[in-house]
Amino acid sequence: MYDWNALWREREAYRTGYDIQRNDTNELADALRAKLIHPASTASQVAVYEDDDRYILVGCDNGPQLLEVMKHGLFDITLRFVSEDEGQGVALPYVEIHVDNLATEEQAVWRAETRIDDEGRVWVGKRTLDENVLPAMSFDDLSFTDNAEFREELARVWHEDLPQLRPLIEAWFHHGGEIGAVDEPAHYGDAERVQQMCDRYAEIVRREQAQLSRMFSDDELRLIAGVIAGIHFDSAASCRGVWLAVEARIIEDELDRQHQIDAEALLAKMKALGYAQEVALIEALSPLR
């Protein structure tokens with residue numbers, strides 16, 4: 001579900017000392033009044049306990065330590081520019097902000113049509129990118145919608161990440177709805193511009209991969225990796241529809257039985273992936289060539 005050891009390292013400043021008389025971090029369920037859900041396999045690993053509202057990570061860095069992680073704080077926010085019809089009933093193109101929290105089993109989506117007016121301003125819903133004003137996005141069904149950390153991250157995505165989509169949005173309108181129809185502009189040959197684009201691509205992939213690691217189990221990722229290993233993604237278009245290859249191998253080789261996973265659930269998750277998520281999945285699991 002989560003990379004618990006990575007979470008332990010990332011939140012080092014939030015750990016607290018813990019006085020225990022036993023050496024086994026896997027035997028603290030009664031003391032913590034929580035259920036052990038992820039035993040530590042070695043002394044360098046963390047044990048994870050769970051109650052209704054939080055996860056409790058127990059490790060032994062410089063003595064026993066606890067890290068409490070509130071479930072409502074383990075949300076992911078994904079920003080997408082959607083330029084192909086995905087059957088959502090929103091006019092193309094549109095911006096989609098997807099909120100997912102596997103810990104609380106909640107998710108919600110906000111979508112808004114994009115357009116460019118006669119003055120060249122880019123609109124997302126009822127706001128322009130230049131206004132720097134966060135619109136009233138309805139996430140009322142989320143239990144953590146009023147959480148300060150969530151609202152701050154939502155604002156950061158709107159103010160910092162969304163403006164980076166401006167070139168894609170403008171390209172869609174300036175080239176008849178075909179982003180790929182852009183000729184090779186002169187500035188693509190500028191080393192600084194190319195590096196900027198590569199940095200943005202890497203950040204997009206990193207963010208998507210962080211979400212994907214929470215969407216798929218280790219066994220599911222191993223199955224997908226085994227399928228991808230035999231595919232050459234020679235073009236950008238070839239990255240779309242990875243689930244078709246996975247479905248074919250499941251039917252032919254019964255990979256779901258080999259990896260002991262629910263094939264129907266796996267394919268449902270893969271079909272719901274956006275293009276950027278599929279690219280991130282390929283980048284994470286494809287062997288270096």
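The protein divides into domain 1 (4–72), domain 2 (75–175) and domain 3 (191–285). These bounds come from an automatic or database domain assignment. The centres of domain 1 and domain 3, taken over C-alpha atoms, are 31 Å apart.

The model is predicted: local features need pLDDT of at least 70, side-chain atom pairs count only at pLDDT 80 or more, and totals for chains, interfaces and linings use all residues. Residues are numbered from 1 along each chain as its sequence is written, and side-chain values use heavy atoms, with hydrogens and water left out.

**The second largest pocket**

The second largest pocket holds about 430 Å³ of space. Its lining has 22 residues, and the closest to the centre are His98, Gln107, Met215, Ala272 and Leu273. A pocket here is an open set of points on a 1 Å grid over the protein atoms alone, where a 1.4 Å probe fits, with protein on both sides within 12 Å along at least five of seven lines; lining residues have an atom within 4 Å of a point. Grid points are joined across faces, edges and corners, and a volume is the space filled by probe spheres set on the points.

Where does the second largest pocket lie? Domain 2 and domain 3 both give residues to its lining, so it lies between them. Strands S6 (76–82), S7 (94–101) and S8 (106–116) each supply at least two lining residues, and so do helices H5 (191–215) and H9 (263–271). Helices (H or I, at least four residues) and strands (E, at least two) are DSSP runs, numbered from the N terminus. By class, the lining has six nonpolar, seven polar and nine charged residues. Ala, Val, Leu, Ile, Met, Phe, Trp, Tyr, Cys and Pro count as nonpolar, Asp, Glu, Lys and Arg as charged, and the others, Gly among them, as polar.

**Helix packing**

| Pair | Angle | Axis distance |
|---|---|---|
| H6 and H10 | about 85° | 10 Å |
| H5 and H10 | about 85° | 8 Å |
| H6 and H9 | roughly 70° | within 11 Å |

Axes are lines fitted to C-alpha atoms, for helices over the stretch in contact, and angles run from 0 to 180 degrees between N-to-C directions.

H6 and H10 pack at about 85°, and are therefore roughly perpendicular (65 to 115 degrees; under 35 is roughly parallel, over 145 roughly antiparallel, the rest oblique). Leu221, Ile224, Ala225 and Ile228 of H6 meet Leu281, Ile282 and Leu285 of H10. Contact means heavy atoms within 4.5 Å. By class, this H6 and H10 contact has seven nonpolar, no polar and no charged residues.

H5 and H10 also pack at about 85°, which makes H5 roughly perpendicular to H10. On the H5 side the contact includes Tyr201, Ile204 and Met215; on the H10 side it includes Ala276, Val279 and Leu281. The classes are 10 nonpolar, three polar and two charged.

H6 and H9 cross at roughly 70°, and are therefore roughly perpendicular to each other. Glu220, Leu223 and Ile224 of H6 touch Leu266, Lys269 and Met270 of H9. Four of these residues are nonpolar, none polar and two charged.

**Backbone details**

Most residues other than glycine have a negative phi, and most peptide bonds are trans. A cis peptide bond joins Leu92 and Pro93, with omega about -15°. Pro93 sits in the loop between S6 and S7. Asn132 has a positive phi, near 60°. Asn132 belongs to the loop between strand S10 (127–128) and helix H3 (148–161).
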